[in-house]
Amino acid sequence: MSTIADNLSTLAGRIHSAAAASGRDPASIHLLAVSKTKPATAVREAFAAGVRDVGENYLQEALDKQAQLSDLPLTWHFIGPIQSNKTRAIAEHFDWVHSVDRLKIAQRLSEQRPDHLPPLNLCLQVNVSGEDSKSGCTAEELPALAQAISALPKLRLRGLMAIPEPTDDRAAQDAAFARVRELQDNLGLGLDTLSMGMSHDLESAIAQGATWVRIGTALFGARDYGQA
């Protein structure tokens, strides 16, 4: 059975190769270890292998892991859907939020971010494939939303996040990720972050400009949702 360290090495190779193929510096692409349903021990093993950024979808699970791993200098990213009653804990316990798609949520995060913490890094989630089951603002809503959020205190709007409709068609992957990059470029806000690409499509995401690839299965193995 491959270890997390082995998997991380394989992923580093994939990222390096994808960067080289598109003429990008591999150092400009960061791996976000998505540990939902995985125990804190797995995150600790990943840290020992070099992981420093951890993404979580479920708030209570994340808070439990943060408590167990408080001795480690990890950067925590919230990447799941956000309900209004969860914003205070997210504002208090995370360094990044990738999944904001409504002004109300951003306003609450801004109001509830503690004064002693640096600004909360924030990505706007855009529903680039138009799937009813996916969170995210529409492309049409994006410009006004980005302008409004960029003016809020205690937040730092960094870029866009997207989860395109899954497909094995590389051309379709490229088109979806290119659309996200185009939407960001058209905002004209000087944003520096594209959070897109997962275990199955990171090569395409990197070719289209991803700066964060969110990796779960390829790093930690298949998820057991019975343990979530």
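The structure, a predicted model, holds two aromatic pairs; rings of Phe, Tyr and Trp (its six-membered ring) pair if their centres lie within 6.5 Å, and planes under 30 degrees apart count as stacked, over 60 as edge-to-face and the rest as tilted. Because the model is predicted, local features need pLDDT of at least 70 and side-chain atom pairs count only at pLDDT 80 or more, while totals for chains, interfaces and linings use all residues. Residues are numbered from 1 along each chain as its sequence is written, and side-chain values use heavy atoms, with hydrogens and water left out.

**Aromatic pairs**
- The ring centres of F78 and F94 are 5.4 Å apart and the planes stand at 80 degrees, so this pair is edge-to-face.
- F78 belongs to strand β3 (residues 75-78) and F94 to the loop between α4 (87-93) and β4 (96-100), so the pair ties together parts 16 residues apart in sequence; helices (H or I, at least four residues) and strands (E, at least two) are DSSP runs, numbered from the N terminus.
- F78 and F94 are both buried, where buried means under 20% relative accessible area, exposed over 50% and partly exposed in between (1.4 Å probe, protein chains only).
- The rings of W96 and W212 have centres 5.6 Å apart and planes at 70 degrees, so they too form an edge-to-face pair.
- This second pair links distant parts of the chain, with W96 in strand β4 and W212 in strand β8 (residues 212-215), 116 residues apart.
- Both W96 and W212 are buried.

**Strand β4**
- Five of the five residues of β4 are buried, so the strand is largely enclosed by the rest of the structure.
- Strands β3 and β4 run parallel and are joined by two bridges; two strands pair if DSSP finds at least two bridges between them.
- The bridge partner of F78 in β4 is V97.

**Residue Q112**
- Q112 is found in helix α5 (residues 103-112) and is buried, with a relative accessible area of 11%.
- The side chains of Q112 and T87 are joined by a polar contact of 2.7 Å, that is, a pair of N or O atoms within 3.5 Å; within protein, one must be able to donate a hydrogen and the other to accept it, and residues adjacent in sequence count only if both atoms are side-chain atoms.

**Residue K36**
- K36 is found in the loop between β1 (30-34) and α2 (40-49).
- At 14% relative accessibility, K36 counts as buried.
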